[in-house]
Structure formats: structure tokens, C-alpha cells
Amino acid sequence: MEKKKKENSFVKGSIFGSLIRFAVPVLGALILQAAYGAVDLIVVGQFGDASSISAVGTGSSFMHMVTCIITSLAMGATVIIGQHIGEKKPEEAGNTVGTTILLFAVVGAVATVLLLLFAGKLVGILKVPQESVEKTTLYIRICSAGILVIIAYNVISGVLRGVGNANLPFLFVGIACVVNIVGDLVLVGAFHMDVAGAALATVFAQLVSVVLSAAIIRRQKLPIRFSMAQCRIYGTELKKILNIGVPIALQEAMVQISFLVVNSIVNNMGLMPSAGYGVASKIVSFVMLVPSAVMQSVSAFVAQNIGAGQRSRAWKGMKTAMVTGCTVGIGIFMAGFFGGGLLSAAFTHDGEVIAQSADYLKGFSVDCILTCILFSSIGYFNGSGKSIPVMLQGITSALCVRIPISIVMSRLPDASLVGMGLATPLTTVYGIIFFIICFRRLKD
């Protein structure tokens with residue numbers, strides 16, 4: 001199948017240029033995707049009270065975890081498609097697409113049922129303040145009904161990024177963001193539906209995005225050979241997808257669960273710290289977009305170059321991404337450390353909530369630089385198809401570093417969110433050391 005439009009080729013030309021052309025639209029898509037929860041929180045913060053802010057903060061954090069796990073599992077398909085493209089095997093890439101569609105249809109159906117049934121128990125586990133329990137449960141249940149839509153978007157985006165096209169996912173999530181903003185203003189602002197309105201606006205926006213993306217992608221000619229007859233499980237492709245995707249998903253699940261544990265620890269500190277942490281989490285979700293874009297770009301870059309037998313170019317790509325990401329991260333660190341209060345004020349007028357959020361950001365902000373190193377390393381291993389080290393790093397960092405440090409910080413005399421924020425960069429330092437050891441063993 002001939003390409004209708006030129007895709008981003010990672011196997012030749014400028015390494016920096018290739019990464020930037022791919023990373024910029026990925027970053028744009030991630031910014032807009034993060035805007036879902038942020039817009040919900042901003043609008044609810046203007047029309048609701050602290051209990052509503054806490055509910056949307058905790059509920060959207062949980063749904064963000066679910067989305068991250070799905071995206072991580074889909075990374076298996078992205079990597080395999082990228083490797084097939086590098087190997088110049090378009091039919092095998094099509095087989096991967098067909099297998100991915102059926103795999104995620106099953107995953108989506110199971111996830112929807114489980115989340116709808118156990119939303120109430122999940123809220124109890126998260127130790128949401130009593131004033132926010134009912135609202136948080138409602139938010140999670142409504143958003144859970146849209147899991148299949150979330151999965152559909154991530155499958156489409158994963159396929160496109162595997163072939164080097166990051167522009168269309170950017171377009172799709174941009175459409176969803178606009179619809180979500182309008183929906184929030186109408187349902188929360190005009191009709192005063194509070195938390196329920198924010199959740200309904202989010203689900204509807206995702207649905208509109210998927211419907212439009214399906215219509216647009218049918219007009220695209222991609223460097224793969226795919227037909228509906230290939231929508232079945234190919235054992236070889238399924239094994240490849242799961243071998244890469246499952247460890248990445250387990251790693252991401254453990255990381256996100258550890259953040260939910262931190263959330264529950266903060267919730268135990270009271271309503272105001274809970275609301276402040278909810279606001280700070282939304283700011284952090286934007287702060288972390290640069291390293292996330294770096295990771296996705298490195299994964300796609302490395303996958304194609306490994307498939308083409310250009311391992312040294314893949315290695316140079318990772319190092320280029322590290323330097324570029326850290327350079328940008330310095331500026332973000334300055335904004336988070338010195339301007340946390342100003343950033344938090346965009347979400348609420350409550351002075352105490354703003355102060356709590358700014359405290360957390362002071363402890364967290366150095367992670368803006370460190371994570372670009374960590375995520376570049378993760379991207380390299382993911383793109384190489386060696387996701388076991390990624391899984392081990394994620395599990396050990398969550399269980400042995402982030403959660404224990406957070407517990408200790410919460411039990412200190414005069415405990416504050418500054419200490420809670422420090423748990424993240426300390427965890428990242430451990431992850432960097434872990435991968436330095438892995439790279440040395442890889443070279444031996």
C-alpha cells in the first residue's frame with residue numbers, strides 16, 4: 001500500500017529533527033488530554049465547593065491511572081508495529097493491528113464491568129474525605145461507562161504513532177478537548193450539575209473524538225496492509241504485544257497505584273490538604289507531559305531503528321532526547337518551585353487550598369528535570385522490546401521508595417505537603433540509578 005502522506009521516518013536524517021517532529025504533536029496531544037481533568041477541576045472549582053474539588057481531584061486521578069495502564073498496554077502494539085515498519089513488513093504490521101483491536105475490545109468490556117461494580121469500594125480504599133465520598137463515587141461510575149471509548153482512542157493513537165504519525169492523534173484529542181470545555185461550561189456552569197456534569201462532559205467529548213477519528217483514519221493510507229479480515233487474533237503477534245505491553249502496563253499500574261496510595265495518605269490529613277493535593281495533581285499532570293512526550297518519542301524512534309538494524313542510531317536518539325528534555329525541564333522546574341501559588345490560583349479562589357497546592361509543588365518540582373532522564377531510559381527499553389527492566393524498576397520504586405517515603409513524611413511532626421511532594425523526585429533518583437546499572441549490564 002502506498003503512502004498518501006509522508007510519515008515521519010526515524011531510520012534516516014537528523015536524529016534531533018526526527019524526534020522533535022514527532023515529539024511536538026505528541027506533547028500537544030498530551031497537553032490537551034491532561035486538559036480533560038484540568039478543565040473539569042477548574043470549572044467545578046469555580047461553581048462548586050471544596051468537597052467537589054476533592055471529588056474531581058481524586059476521581060480524575062483514578063481515571064488517569066486507568067487510562068495510563070491502557071496506554072501502556074497499547075505501547076506493546078506501538079512498538080511491534082514500529083518494528084515491522086522498520087523491517088519493511090507491512091502485512092505483519094496489519095496483523096498486529098487486527099490482533100490489537102480484538103484484544104482491547106475484551107480488555108475494555110471487562111474493565112467497564114469491574115469499575116461500575118466496585119466504584120464504591122474503590123472510593124473507600126482511597127480514603128476520600130466523608131464530605132466527598134458520594135460525589136467521587138458518582139464521578140468514577142460515570143467515567144467508567146466510557147472506558148471502551150478511552151480504549152478506542154488509545155488503540156487508534158497507538159497504531160498511528162507506531163507508523164510515525166503523531167499529528168492525527170493530536171487532532172483527535174484537540175477535538176475532544178474543545179467539546180469537553182463546552183460540555184463543562186454548559187453542564188456544570190449553566191445547569192449546575194456539579195461533579196456529574198463534569199464526568200458526563202468528559203465521556204461525551206471522548207465519544208465525539210473517537211467517532212470523528214474513525215471517519216478520518218479511514219481516508220488515510222498508512223504504510224501497513226490491513227483489512228477487516230485481519231481483525232482476529234494472530235498468536236505470534238499477540239505474544240509479541242503481550243510480552244512488551246504487559247510488563248509496561250504492570251509497571252505503570254504499580255506507579256499509578258502508588259500515587260493513589262499517596263493520595264489516600266493525603267486524604268487522611270484532612271479536607272484542605274486533600275483539595276490542595278487534587279489541585280497540585282492537575283498541575284503535575286501538565287508538568288509531566290514533557291518527559292511523557294520524550295518517552296513516547298524515544299520508544300517509537302528506537303523501535304523503528306531496532307527493526308532496521310541501526311542500534312547505534314537508537315542509542316544516540318535516547319541521549320539526544322535526554323539532553324533536550326532536561327533543558328526544557330529546567331524552565332518547568334523554575335515555574336513550579338517559584339510560581340506554584342500562581343499556577344494553583346487558576347483552579348480555585350480558596351486561599352488555603354492554593355497554599356496547600358503550592359507546598360506540594362515546591363517539594364515535587366525538581367522532578368521536572370530528573371524525570372526526563374528516567375523516561376528516556378524507559379523509552380529506550382520499551383522500544384527495544386525489553387520491557388522487563390521497566391517493570392522491575394516501576395514495581396520496586398513504588399513499593400520500596402515512593403510509598404515508604406510518603407508514609408514517613410506524613411508522620412513527621414508538623415507534616416506538610418512539601419514533604420509529600422519530595423517523595424516523587426527521590427523515587428526518580430532511584431529509578432535513574434536502576435537504569436544506569438541496567439545499561440552497564442546491557443553493554444557487558
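In the predicted model, D194 forms a salt bridge with K135, with 3.4 Å between the closest N and O atoms. D194 belongs to helix α7 (residues 194-217) and K135 to helix α4, so the pair ties together parts that lie 59 residues apart in sequence. Side chains of opposite charge can pair when their charged atoms come close.

K135 also forms a salt bridge with D49, for which the closest N and O atoms are 3.6 Å apart. This pair links distant parts of the chain, since K135 is in helix α4 whereas D49 is in the loop between α1 (15-47) and α2 (50-87), at a separation of 86 residues. A search of the whole structure returns two salt bridges.

Confidence was examined along the protein chain. The average pLDDT is 86, and 97% of the residues score at least 70. Confidence is highest in helix α4 (residues 133-144), at a mean of 92, and this helix contains K135. The lowest confidence is found in helix α5 (residues 147-162), where the mean is 79. Over residues 1-6, pLDDT stays under 50, and for these residues the model has eleven contacts beyond four places in sequence.

Notes
Residues are numbered from 1 along each chain as its sequence is written. This is a predicted model: local features need pLDDT of at least 70, side-chain atom pairs count only at pLDDT 80 or more; totals for chains, interfaces and linings use all residues. Side-chain values use heavy atoms; hydrogens and water are left out. pLDDT is the predictor's confidence in each residue, from 0 to 100. Helices (H or I, at least four residues) and strands (E, at least two) are DSSP runs, numbered from the N terminus. Contact means heavy atoms within 4.5 Å. A salt bridge is a side-chain nitrogen of Lys or Arg within 4 Å of a carboxyl oxygen of Asp or Glu.
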